[in-house]
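Visitor: I have a model open and would like to talk it through with you. Could you start with whatever term I need before we get to single residues?

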Amino acid sequence: MSELSQNIKTQSHPAGLDRPAGNGQKNFDKTHPILSSGIGLRAEHYKDFIDTKPSVGWIEVHPENYFGGGLHRHYLNEARKDYPLSLHAVGLSLGSTDPVDEKHLQKFKELIDIYEPFNVSDHASWSVSGNAHLNDLLPLPYTQETLDTLCRNIDQTQDFFGRKILVENPSTYIAFAENAMTEYELMNALHDKTGCGILLDINNIYVQSVNHKFDAWHYIDNITVDAVGEMHLAGHTEKDINGERFLIDTHNQFVRGDVWGLYEHAVRRFGAVPTCIEWDLDLPSLNDLMGEADKAQSIVNEHTDQNLKVYNAA
Amino acid sequence: MRLKDLQNRFSDYIADLKLQNSGDDEFNGQFVNDAIPIETRLNIYQDGVYSTCVSVLMNNHPLLKDLVGDDFLRYMAIEFAKNNLPTSGYLNEYGLNFPDFIYKFKPAAGLPYLYDIARIDRGWNHAYHADDVPHLDPQSLHDVSPADYAFLKMTMHPSVTFVKSDYPIWQIYQYILKNRGGDDTQLRSEITPNAAKDPDALPEKAEEQDNTSDIPPPDMNTGGENVVILRDNLMVKVYPLDEDNFQFLVNLRDKKTIGEASGKVMAKFPAFNLAKTFRGELKRNIFSGFQLSK
């Protein structure tokens, strides 16, 4: 067993940390979730969410949308008063050969200091090359050089934040000829070498298993159990290209049946892990989104002891 | 291929829409080749990158969208993105130079005020996302001796943008709002790389404040108008400014003292009412601070 396995702690009640009195933004006593299911909170749902305070374990937002002030911050402050928070970044470009942008890290850290998220994450992908920021989660060859690059940037990020982060497996649409390891081997190695946790996106595994023709269940069976600090679920779009079934990770619809099946398999292996429903385009009503979160929660309730595992960020 | 070279080549491929088939054997050899062509797979990424850019521009320019329609705005956005991919991971800042692009964009030459309306959209977006800096409390000026007012240098709130135009942009702005009707939200949607594979599937976005009624169509012969955009607490607001007030505030922004700024304006506009303008702008929450300069 890895010495990092003690990174996983079981948490069945809020931590209730003492917080400095102050500017009113620090009254966030709900540091950790009790229920496993969370939702990605989007601007269109702010008002509904704060007015109705639905029964969901926690919320997740993209920090890049909160680097300024104004209404987004206002609503996040309101939501954070009642819900634990996960900050899920899309802009660190952990897979770039250049180091992580210190200005981006600084803005991100300001949010971490204010909102005290229980999880902080980004992706095993890249978007920056020289001056170009390609605002997409671009694929990496799974080689020793890529592993070293990711580890260097994860170390830099964790040192800057003074805490561990989670790294998410991406959806990819192309595979590299020089791959020297599988993606799950890469993800496990990141955990072993840097202490980062894995944010396991179940939909991304499924999407890739179709696009690159591998066994999604085998992938899950080979992920280090203690490394998984969060899971993601989302909808994808199915296409037919030259008679081949091809999937795109669009986050614009309900989670598909096959992905729910794979999630159940993951829950049996990893236990009760915070799980976020991501929906970014063609947004449904908050009620429908909550329905997806309830569905994920019921799978956890059925197959686990419901003691929620929270990755130790220290 | 070293990772750095691979990322450079990948990046170049995505950036260059015109050379979609430019992958040479060395580049194509980096990928697994199967029933789905490498080019088709790479183009999924290219489409993702460009559609995010287009989504951001369309999201950030609701006034332009109302003026020229979805199709023409998307056309301008795509033409802009071809030579202006993002240079930062902070997508709210993408397209700062989109108004300048529109200024020179020949198919839009018949609508010369688009440049200024695009700048109002940009100013609105800037105000919306500006840092949460407290507004200047007028009470804090009570400690300043009236004899020293002329030596005050004012700090503009970080949300403020001034737009000066040769066209009646305030009338055009009000006319757009009137035709929208019934808008009641200030919320802007978020655009993230996760959410932008399909530019046709954009959520409805951004509305302006102000309920307007009985606004006549703009009279294009009435000369230029100026506006200021700022965020007053949580609300983004757009105001018209007469030329004298506009020049006074721009001088204050450029770190002139109140005495210097009002002197310059009064030389051109003898009727300029300093006390009324200053009180009005204080109330509007345009300032965030001051310093005494003598």
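Guide: A residue counts as exposed when its relative accessible area is over 50%, and as buried when that area is under 20%. Please keep in mind as we go that this is a predicted model.

Visitor: Okay, so is A:Asn287 buried or exposed?

Guide: A:Asn287 has a relative accessible area of 62%, so it is exposed. The residue is found in helix α9 of chain A, which covers residues 286–303.

Visitor: And how far apart are A:Asn287 and A:Asp48, in sequence and in space?

Guide: They are 239 residues apart in sequence, while their C-alpha atoms are 9.4 Å apart in space.

Visitor: Switching to rings: how many aromatic pairs does the structure hold?

Guide: Over all chains there are 33 aromatic pairs. One of them is formed by A:Tyr46 and A:Tyr75, which are stacked, with 5.0 Å from centre to centre and 20° between the planes. This pair links distant parts of the chain, since A:Tyr46 belongs to helix α1 (residues 46–52) of chain A and A:Tyr75 to helix α2 (residues 71–82) of chain A, 29 residues apart.

Visitor: Are those two buried or exposed?

Guide: Both A:Tyr46 and A:Tyr75 are buried. For another geometry, look at B:Tyr113 and B:Tyr167, whose ring centres are 6.3 Å apart with the planes at 65°, so that pair is edge-to-face. This pair, too, links distant parts of its chain: B:Tyr113 is in the loop between α5 (98–104) and α6 (114–129) of chain B, B:Tyr167 is in the loop between β2 (161–164) and α7 (169–180) of chain B, and they are 54 residues apart.

Visitor: What do B:Tyr113 and B:Tyr167 count as in terms of accessibility?

Guide: B:Tyr113 counts as buried because its relative accessibility is 16%, whereas B:Tyr167, at 27%, counts as partly exposed.

Visitor: Which residues form an aromatic cluster?

Guide: One cluster includes A:Trp126, A:Tyr173, A:Phe176 and A:Phe246 from chain A, together with B:Phe10, B:Tyr13, B:Phe27, B:Phe31 and B:Tyr45 from chain B.

Visitor: Which ring does the charged end of B:Arg284 sit over?

Guide: The charged end of B:Arg284 sits over the ring of B:Tyr239, at 3.9 Å from the ring centre.

Visitor: Let's do sheets. What is the strand order in the open sheet of chain B?

Guide: The order is β2-β3-β4, three strands with antiparallel pairing. Its edge strands are β2 and β4 (235–241) of chain B, each of which pairs on one side only, and the twist averages 20° from one strand to the next. Strand β3 (residues 226–232) of chain B pairs with β4(B) over 7 bridges in the antiparallel sense, and B:Leu230 stands opposite B:Lys237 in β4(B).

Visitor: Which helix lies across that sheet?

Guide: α7(B) lies across β2, β3 and β4 of chain B, running at about 140° to β4(B).

Visitor: And what about the closed barrel in chain A, which strands does it run through?

Guide: The barrel has 8 strands with parallel pairing, in the order β2-β3-β4-β5-β8-β9-β10-β13. Neighbouring strands are turned by 25° against each other on average, with direction ignored. Helix α3 (residues 102–115) of chain A lies across β4 and β5 of chain A, at about 175° to β4(A).

How values were computed: Residues numbered from 1 in each chain as written. Chains lettered and ligands numbered in written order. Predicted model: local features only at pLDDT ≥ 70, side-chain atom pairs only at ≥ 80, totals over all residues. Heavy atoms only, no water. Phe/Tyr/Trp six-rings, centres within 6.5 Å; stacked < 30°, edge-to-face > 60°. Helix = DSSP H or I, 4+ residues; strand = E, 2+ residues; numbered from the N terminus. Buried < 20%, exposed > 50% of the residue type's maximum accessible area, 1.4 Å probe, protein only. Lys NZ or Arg CZ within 6 Å of the ring centre and 35° of its normal. Pairing = 2+ DSSP bridges. Axes fitted to C-alpha atoms, helices over the stretch in contact; angles between N-to-C directions. Contact = heavy atoms within 4.5 Å.
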